[in-house]
Amino acid sequence: MTKLKILAGLISLMFATGCYYDKEEILYPAGSCNAAGSTYSGTVSPILNAYCNSCHSTAAAPSSGNNIVLDNYNSVKIQASNGMLLGTINHAAGHSPMPKGGAKLSSCDIAKITNWVGSGAPNN
Ligand code: HEC
């Protein structure tokens, strides 16, 4: 009986905590990605911090074997303007695929960064 109660408790705990999907792809199924109006501070910078700056922060870049810094606007703007930012995240020919050794960014994140670059990569 006690075992049964523990089991019931565990199962309700799983329902209470474990089953919330907050993945973008699940909350917003394909086609409903809202990439319009992306900004540097609100959109691009958080994505780069989450997926790139373990290697591309000002502090980490030299010791990670690259000189590409992606933790401040001016440095990101350079990579946006020379085509490297979009080339690497799209795994385009002639570019090192990024994040290095990791999964490609979601198509929605790529669309958001593309939107920002397309609007001239402003410091907004
Ligand atoms: C695990 C470490 C690591 C992560 C995470 C990472 N990079 Fe890199 N990145 C590197 C290294 C090392 C290089 C040097 C070139 C190479 O090895 O391909 C590099 C090079 C680059 C370059 C220059 C490409 C070239 O052809 O010279 C760009 C642009 C870049 N990364 C962007 C990004 C972006 C954007 C992300 C996140 C989406 C990212 N990186 C995530 C390690 C990383």
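A polar contact is a pair of N or O atoms within 3.5 Å; within protein, one of the two must be able to donate a hydrogen and the other to accept it, and residues adjacent in sequence count only if both atoms are side-chain atoms. By this criterion, a nitrogen atom of the ligand lies 2.7 Å from an N or O atom in the side chain of H56. The model is a predicted one, in which local features need pLDDT of at least 70 and side-chain atom pairs count only at pLDDT 80 or more, while totals for chains, interfaces and linings use all residues. Residues are numbered from 1 along each chain as its sequence is written, and side-chain values use heavy atoms, with hydrogens and water left out.

Of the 124 residues in the chain, 31% are buried, where buried means under 20% relative accessible area, exposed over 50%, and partly exposed in between (1.4 Å probe, protein chains only).

The ligand carries an iron atom, whose protein donors are H56 (NE2) and M98 (SD), 2.0 to 2.3 Å away. Donors are N, O and S atoms within 2.8 Å of the metal (3.2 Å for Na, K and Ca), and sites may look incomplete since water is not among the atoms. H56 belongs to helix 4 (residues 53–56) and M98 to the loop between helix 6 and helix 7, so that the pair, 42 residues apart, links distant parts of the chain. The arrangement is octahedral because the 6 donor atoms around the iron atom subtend angles of 85 to 178°; six donors count as octahedral if opposite donors are over 155 degrees apart and all others between 65 and 115. Both H56 and M98 are buried.

Around the ligand there are 18 residues, of which C52, C55, H56, S96 and M98 come nearest; a residue is included if one of its heavy atoms lies within 4 Å. The side chain of S96 has an N or O atom 2.6 Å from an oxygen atom of the ligand, and a polar side-chain atom of K100 lies 2.9 Å from an oxygen atom of the ligand. In the loop between helix 6 and helix 7, P99 is joined to M98 by a cis peptide bond, with omega about 0°.

The largest nonpolar core has 17 residues, and L48, V76, L85, I113 and W116 touch the most other members. Such a core is a set of buried Ala, Val, Leu, Ile, Met, Phe, Trp, Tyr and Cys residues joined through side-chain atoms within 4.5 Å. Helix 3 (40–51), helix 5 (73–81), helix 6 (84–89) and helix 7 (107–118) each give two or more residues to this core. Beyond residues up to four places away in sequence, L48 touches N53, L70, V76 and L85, contact meaning heavy atoms within 4.5 Å. N53, in helix 4, counts as buried because its relative accessibility is 9%.

N124 lies after helix 7 and is partly exposed, with a relative accessible area of 35%. A polar atom of the N124 side chain lies 2.6 Å from the backbone nitrogen of Y40.

Terms used. Helix = DSSP H or I, 4+ residues; strand = E, 2+ residues; numbered from the N terminus. Tetrahedral: all angles 85-135°; square planar, octahedral: opposite > 155°, others 65-115°.
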